[in-house]
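I opened the model today with two things to look up.

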There are 2 protein chains.
Amino acid sequence: MKNDLILRAIKGEQVERPPVWMMRQAGRYLPEYMVLRRKYDFFTRIKTPDLACEITIQPIDIVGTDAAILFSDILTVPEAMGLEVQMVPDKGPYLPKTVKTKEDLDQLVVKDAHHEMQYVYDAIKVTKEALNDRVPLIGFAGAPFTILCYMVEGKGTKTFLESRKMLLATPELAHGLLQAITDVTIKYLQSQIEAGADLVQVFDSWSGLLDRQTFNTFCLPYIEQIAMAIDGKVPVIYFPRGNWHSLADVDKLPIDCIGLDWATPPAYARSQSDKCLQGNFDPAKLLMSPDRIEADTKEMIRAFGTHNYIANLGHGISPNVPVENAKRFVDTVKNWSN
Amino acid sequence: MKNDLILRAIKGEQVERPPVWMMRQAGRYLPEYMVLRRKYDFFTRIKTPDLACEITIQPIDIVGTDAAILFSDILTVPEAMGLEVQMVPDKGPYLPKTVKTKEDLDQLVVKDAHHEMQYVYDAIKVTKEALNDRVPLIGFAGAPFTILCYMVEGKGTKTFLESRKMLLATPELAHGLLQAITDVTIKYLQSQIEAGADLVQVFDSWSGLLDRQTFNTFCLPYIEQIAMAIDGKVPVIYFPRGNWHSLADVDKLPIDCIGLDWATPPAYARSQSDKCLQGNFDPAKLLMSPDRIEADTKEMIRAFGTHNYIANLGHGISPNVPVENAKRFVDTVKNWSN
C-alpha cells in the first residue's frame with residue numbers, strides 16, 4: 001500500500017500527520033460526479049461495478065484524500081432482505097413494504113441475503129484493482145438500529161417515532177428484527193472484506209435519537225456482534241451519530257475507532273475514550289472562506305492531537321461545498337506537521 | 001393562584017411533589033382538539049382569542065397538568081416582522097420570502113413588530129380570565145437562532161445548512177438578524193407578561209445543530225438579553241434542544257430553569273447546573289403500556305430528584321399518543337410523594 005497512513009493511525013502507531021477522508025466524499029459537490037449522476041440513475045450507479053469504481057476514485061484524484069470509501073448505500077441491506085427500495089427525487093429513499101409485525105419479520109430474507117449484494121463485492125474488486133494500492137478502500141454498512149428505522153418507517157422522518165415505539169413497546173419484535181439485520185450485516189461485511197475492503201465503517205445515523213439506556217440496549221449488543229465477527233481481520237470504525245452520552249460505553253466495544261459528529265467537543269470525547277477517534281469538522285464550515293477553513297481545521301487537529309486520530313467531517317459533505325474548499329480542508333491536514 | 005406548584009418549584013422552594021406539564025400538550029393527541037382542527041385552519045385557531053383559549057385549556061380539563069401553555073406558534077414573530085408564513089398540510093411551515101442578504105434584513109419590521117401580535121396578548125387575557133387562577137399560564141417565543149433558521153430557509157430542513165452557513169460565513173449579517181429578532185422577541189415576551197403570562201419559555205428547537213463555540217457565540221448572548229429584559233418579572237425557562245455540551249454555559253445565564261431533551265441523562269444535567277431543570281421523558285415512551293409509563297416516569301423523578309425540578313417531556317407529545325397514556329404520565333407525577 002503506497003499510502004497506508006489511515007491503517008497505521010487506526011492501529012495506534014505514531015504517524016507524521018493525521019490521515020484524512022470525508023464522509024460522502026464521492027458525491028454531489030464534485031462536478032465530475034454530477035455528470036454521471038445525470039446520465040445514470042441511482043441504482044445503476046451503485047449496481048454497476050465500473051461506475052461505482054469510477055465514482056469511488058473521483059475524490060482520490062480530485063481532492064486527494066488518504067482513503068477511498070466505496071460508492072454505495074446503506075439501503076442495499078433492506079433490499080437484499082426483500083424490501084424494495086425506491087429513490088424518490090428530492091425526497092430520498094422510499095420502501096413501499098415495511099416491517100411492523102412478527103409476520104413481516106418472518107418474511108424477510110436472512111440466511112441468503114448477502115448473496116443478493118454480489119454487485120457490491122464486485123465493485124470492491126474492480127475498485128481495488130483500479131486503485132492499485134494508492135490508498136486503502138473503506139467498506140461500510142448501516143448499523144442495525146439505523147437499518148431498522150428505514151425498514152419500519154419506509155422513509156426518513158424527523159424522529160423515527162414508529163421505530164422507537166417498536167423498541168420501547170415491543171422489545172422482543174425489535175430484538176428479532178435487529179438480530180436478523182445483524183446476521184445479514186455480518187456476512188455482508190465479511191464478504192466486503194473478502195473482496196478486498198481494507199477497513200469498514202458502520203454508520204449509526206439515527207442512534208442519537210435514543211437515550212443512553214435505549215441505545216445501550218438496542219444498539220451496542222449488535223455492534224459488538226458485528227465487531228466480534230470481523231475479529232480483527234480489518235479495522236472497524238463505528239459512527240454512532242449523536243450518542244455523546246454513551247461514548248464511555250462505546251469505548252468498551254471491540255472496535256478500533258469511534259466516529260464523532262460535529263457537536264461533540266474533542267476534549268470531551270478524549271475524556272470518554274482512549275480509542276482512535278475520527279471526525280468531526282462541521283460540514284457547514286466548508287462553506288466559509290478557504291482561509292477560515294484552514295484556521296478551523298488546524299484548531300480541530302490541535303484539539304484532538306495527532307495520535308490516535310483520523311481527520312474527517314462530523315457529517316457527510318453537502319452538495320453546495322466548492323471543491324476548492326474541500327481541497328483546503330484536506331490539504332490543511334496533509335500539510336500538518338507536528 | 002389555586003395551583004402555584006410550578007411557580008414555587010421554579011423559585012427553588014421545597015414542594016410536596018414536582019409540577020408537571022407537557023410540551024405541545026394542547027395538540028393533536030386530544031380528540032377534542034381534533035374537532036376544532038377540522039373546523040378552523042391553523043391561523044384562525046391561533047389568531048382567534050376564544051379559540052386559542054379553548055384549546056389552551058383543553059389539557060387542563062382533560063389531562064390535568066399543573067400549567068397551561070398558550071396555544072400559539074413560534075412563527076408569529078417572523079410573520080410580525082414582515083415575512084408571510086403559510087402552513088402547508090402534512091409539510092409544515094413555508095415562508096415564500098426569506099432573509100439571505102443585508103437588504104432582506106433591512107426590510108424587516110423591527111420597532112413595531114410586537115404590535116402585530118396583539119391577537120396573542122388578547123388570547124392571553126381571555127385565557128387568564130377563563131383559567132380563573134386554576135393553574136399558571138405559560139407564554140412563549142422561539143429563541144432568536146431558531147427563528148433565524150426559519151427566516152433563512154423558509155421551511156424546516158434536516159440540518160438548516162443555509163442558516164449555519166450564514167452564522168459561520170457571514171457572522172455580521174447573522175448577528176444583525178439575531179439582534180433584530182431579539183429586539184422583537186423582548187417586546188413580544190414583555191407584552192405577553194403584561195397581558196398576564198405567569199412564566200415564559202424560550203424554545204431553541206434547532207440550537208442542537210451548533211457546536212459549543214457556535215452555540216455560545218450565536219445563541220447565548222441573545223438569550224441573555226431576553227432574560228435581562230424580563231428582569232425577574234416572571235420566571236424564564238430556556239429549552240436549548242440538544243446543547244448538552246454547553247449546559248455549564250447555559251447555567252450562567254440569568255434564567256430560572258433549563259429545559260432538557262430526552263437524550264440528556266438527568267445525572268449529567270445535574271452535574272452541569274444547579275438551576276431548576278425541566279424534562280425530559282422521551283415522548284416515544286408514551287407509546288408503551290400505561291404501567292411501563294408509570295415505572296419509567298418514577299425512575300425519571302428519582303433520577304432528577306423532586307427539588308428544583310419540573311416534570312415534562314423531552315420533546316413535544318406526538319399525535320399518536322393515547323390520552324390514557326398521557327394521563328398516566330401526568331398522574332404518576334401528581335401521585336408522587338417524597
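I began with a salt bridge: B:Arg164 pairs with A:Asp282. Their closest N and O atoms lie 2.8 Å apart. I note that this is a predicted model, and I read that distance as a computed one.

How many salt bridges does the rule find across the interface of chain B and chain A? I got four.

Next I looked up the extent of the contact. Chain B puts in 29 residues, and chain A puts in 29 residues. About 2800 Å² is buried between chain B and chain A. Carbon and sulfur atoms account for 64% of that area.

Which residues of chain B lose the most area to chain A? I noted B:Leu168, B:Trp244 and B:Trp262. Together they make up 23% of what the chain B side buries.

Then I turned to the helix pair within chain B. Helix H2 of chain B covers residues 31-39, and helix H4 of chain B covers residues 49-62. Their axes come within 9 Å and cross at roughly 165°. Angles over 145 degrees count as roughly antiparallel, so H2(B) and H4(B) are roughly antiparallel to each other. I logged the crossing of H2(B) past H4(B) as left-handed.

Which residues meet there? From H2(B) I listed B:Glu32, B:Tyr33 and B:Leu36. From H4(B) I listed B:Leu51, B:Glu54, B:Ile55, B:Gln58 and B:Ile62. I sorted this contact of H2(B) with H4(B) by class: five residues are nonpolar, one is polar and two are charged.

Terms used
Residues are numbered from 1 along each chain as its sequence is written. Chains are lettered from A and ligands numbered from 1 in the order in which they are written. This is a predicted model: local features need pLDDT of at least 70, side-chain atom pairs count only at pLDDT 80 or more; totals for chains, interfaces and linings use all residues. Side-chain values use heavy atoms; hydrogens and water are left out. Axes are lines fitted to C-alpha atoms, for helices over the stretch in contact, and angles run from 0 to 180 degrees between N-to-C directions. Helices (H or I, at least four residues) and strands (E, at least two) are DSSP runs, numbered from the N terminus. Angles under 35 degrees count as roughly parallel, over 145 as roughly antiparallel, 65 to 115 as roughly perpendicular and the rest as oblique. A crossing is left-handed if the near helix is turned anticlockwise from the far one by less than a right angle, and right-handed if clockwise. Contact means heavy atoms within 4.5 Å. Ala, Val, Leu, Ile, Met, Phe, Trp, Tyr, Cys and Pro count as nonpolar, Asp, Glu, Lys and Arg as charged, and the others, Gly among them, as polar. Buried area is the accessible area (1.4 Å probe) that two parts lose on being put together, summed over both. A salt bridge is a side-chain nitrogen of Lys or Arg within 4 Å of a carboxyl oxygen of Asp or Glu.
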